[in-house]
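Please read it alongside the sequence and the coordinates.

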Amino acid sequence: MASDSDPVKDLADEPVDHRFKGLPPDAQTHGLTVGRLAAERRDLYTGGFTTPVLTLDADALEHNLAALGAYAARHDLAFAPHGKTCMSPQLFHRQLEHGAWGITAAVPHQARVYRAFGIQRIFLANELVDPAALRWVAGELAADPDFHFVCYVDSVRGVHLMDRALRDSAAVVDVVVELGAGEGARTGARSDEDCRAVADAVAASATLRLVGVGGYEAEVPDADPESVHAYLRRLTALAVEFDKAGRFPADLDEIVVSAGGSAWFDAVADVFAELPELSRPVLKLLRSGAYVSHDHGWYTRLTPFNRHPEEGGLRPAFRLWTQVVSRPSPTQAFVNAGKRDIAYDLGLPEAELVRDALTGAERPATGVRVVKLSDQHAWLETDSAEDVQVGDWVALGMSHPCTIFEKWPLIPVVQADGTVTDYVRTFF
């Protein structure tokens with residue numbers, strides 16, 4: 001997408017105003033832009049930030065970006081991290097700098113954000129049957145010969161609808177057949193025969209081109225290493241079968257085989273390494289996304305690095321700083337963040353640190369537990385009256401990066417000494 005401007009760098013020109021939670025009110029008073037505020041390198045604790053405020057640890061963020069980039073390279077995997085996790089163009093481009101092939105999307109809006117910020121390779125992990133969205137994709141392909149777009153197909157009807165929407169365009173859209181992970185799983189053709197029927201429908205279309213197969217192994221019912229490996233071997237066997245049967249068009253340069261969330265990327269690496277040589281090179285495309293920030297609960301328990309610590313590891317990068325606004329009893333306290341600010345779909349947050357309001361000293365949040373959330377309060381249960389006091393800052397760790405990012409449109413990036421050096425913009 002040719003342009004003289006850099007839309008990612010242009011984000012620094014946004015004014016700091018009421019749209020962004022937790023940022024210093026005086027930044028708006030003084031007419032600061034995001035870039036000018038970042039250049040001031042304010043201290044998170046003394047620089048005017050208000051609670052609640054979500055932060056990203058600069059060192060953990062860089063560590064995670066490097067860890068998955070290195071993992072993919074080590075296992076000969078192309079990497080298209082799922083952008084739905086962060087919806088942050090700044091992080092997309094950092095992922096590309098760490099070797100990503102492109103960025104994965106789930107819905108057309110996400111792809112439009114990607115294109116607005118110059119992403120040239122998009123893998124849309126859904127069947128796309130919306131006529132307006134398909135016409136937009138066709139327009140992007142026609143306008144930019146360097147734009148590469150791939151999406152799922154999982155039904156004959158879906159293929160017919162796509163073909164109907166694209167007939168008046170000159171573009172041909174690349175598709176992969178999605179193999180479902182089993183009965184009761186999410187999307188995807190349920191059987192190999194269903195996949196063959198979808199592939200036949202694509203072959204009969206003048207507007208679609210079959211370029212590979214894909215799926216999502218985390219949807220395997222009651223997933224365990226054996227069942228996940230078995231599903232992924234079905235997926236790769238389908239690619240081998242399609243190749244031998246001549247289902248891929250003659251003008252295709254590479255065959256796409258794609259899978260991979262954040263819980264089983266080790267299984268993807270195992271099975272994709274077993275792929276035999278095909279008639280064309282294979283793009284082994286991994287799509288894990290939650291790694292970028294990791295978390296303090298769900299993915300900390302699920303990450304494949306727990307099974308393979310020799311391969312590396314990830315660090316939780318998020319910290320939500322809240323403030324105690326009420327201490328009605330020795331065993332109960334309330335902080336000023338709740339469902340509007342906190343991800344809670346995969347469990348309640350965990351109290352990590354307490355920062356004393358008077359001295360600034362930090363200590364582990366021993367004896368402090370989050371037991372309930374209201375819209376704007378988290379309910380804390382404490383072991384003793386000394387655990388927290390009114391005015392203290394309490395850092396919460398949360399599960400599920402996708403819903404953490406979603407609640408915060410501008411997130412300070414903080415160095416180990418508390419200096420805020422950057423701000424990550426999100427577009428949900």
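Leu166 is buried, with a relative accessible area of 0%, where buried means under 20% relative accessible area, exposed over 50% and partly exposed in between, for a 1.4 Å probe and protein chains only. This is a predicted model, in which local features need pLDDT of at least 70 and side-chain atom pairs count only at pLDDT 80 or more, while totals for chains, interfaces and linings use all residues. Residues are numbered from 1 along each chain as its sequence is written, and side-chain values use heavy atoms, with hydrogens and water left out.

Leu166 belongs to helix α8 (residues 156-166); helices (H or I, at least four residues) and strands (E, at least two) are DSSP runs numbered from the N terminus. Leaving aside neighbours within four places in sequence, Leu166 is in contact (heavy atoms within 4.5 Å) with Leu134, Ala138, Val173, Thr207 and Leu208. Between the C-alpha atoms of Leu166 and Asp154, which are 12 residues apart along the chain, the separation is 17 Å.

Eight strands form an open sheet with parallel pairing, in the order β2-β9-β8-β7-β6-β5-β4-β3, two strands being paired if DSSP finds at least two bridges between them. The edge strands, each of which pairs on one side only, are β2 (78-79) and β3 (103-105). Within the sheet, strand β4 (residues 121-127) runs parallel to strand β5 (residues 148-153) and is joined to it by five bridges, and Glu127 stands opposite Tyr152 in β5. Helix α9 (residues 192-203) packs on the sheet, touching β5, β6 (173-178) and β7 (208-214), and its direction makes about 165 degrees with that of β6; the axes are lines fitted to C-alpha atoms, for helices over the stretch in contact, and angles run from 0 to 180 degrees between N-to-C directions.

A nonpolar core is a set of buried Ala, Val, Leu, Ile, Met, Phe, Trp, Tyr and Cys residues joined through side-chain atoms within 4.5 Å. The largest such core has 125 residues, and those with the most contacts inside it are Tyr114, Phe123, Phe149, Val173, Leu232 and Phe242. A second, separate core of 19 residues includes Val16, Leu37, Ala38 and Val420. Beyond its neighbours within four places in sequence, Leu232 is in contact with Glu217, Ala259, Ala267, Val268 and Val271.

A search of the whole structure finds 14 aromatic pairs. Rings of Phe, Tyr and Trp (its six-membered ring) pair if their centres lie within 6.5 Å, and planes under 30 degrees apart count as stacked, over 60 as edge-to-face and the rest as tilted. Two of the pairs are set out here.

| Pair | Centre distance | Plane angle | Class |
|---|---|---|---|
| Tyr45 and Trp321 | 5.6 Å | 85 degrees | edge-to-face |
| Phe265 and Phe305 | 5.4 Å | 65 degrees | edge-to-face |

Tyr45 is partly exposed at 23% relative accessibility, whereas Trp321 is buried at 1%. Ring pairs link Tyr45, Trp321 and Trp393 into a cluster. Phe265 lies in helix α11 (residues 265-272) and Phe305 in the loop between α12 (298-302) and β10, so their pair ties together parts that are 40 residues apart in sequence. Phe265 is buried, with a relative accessible area of 1%, and Phe305 is buried with 5%.
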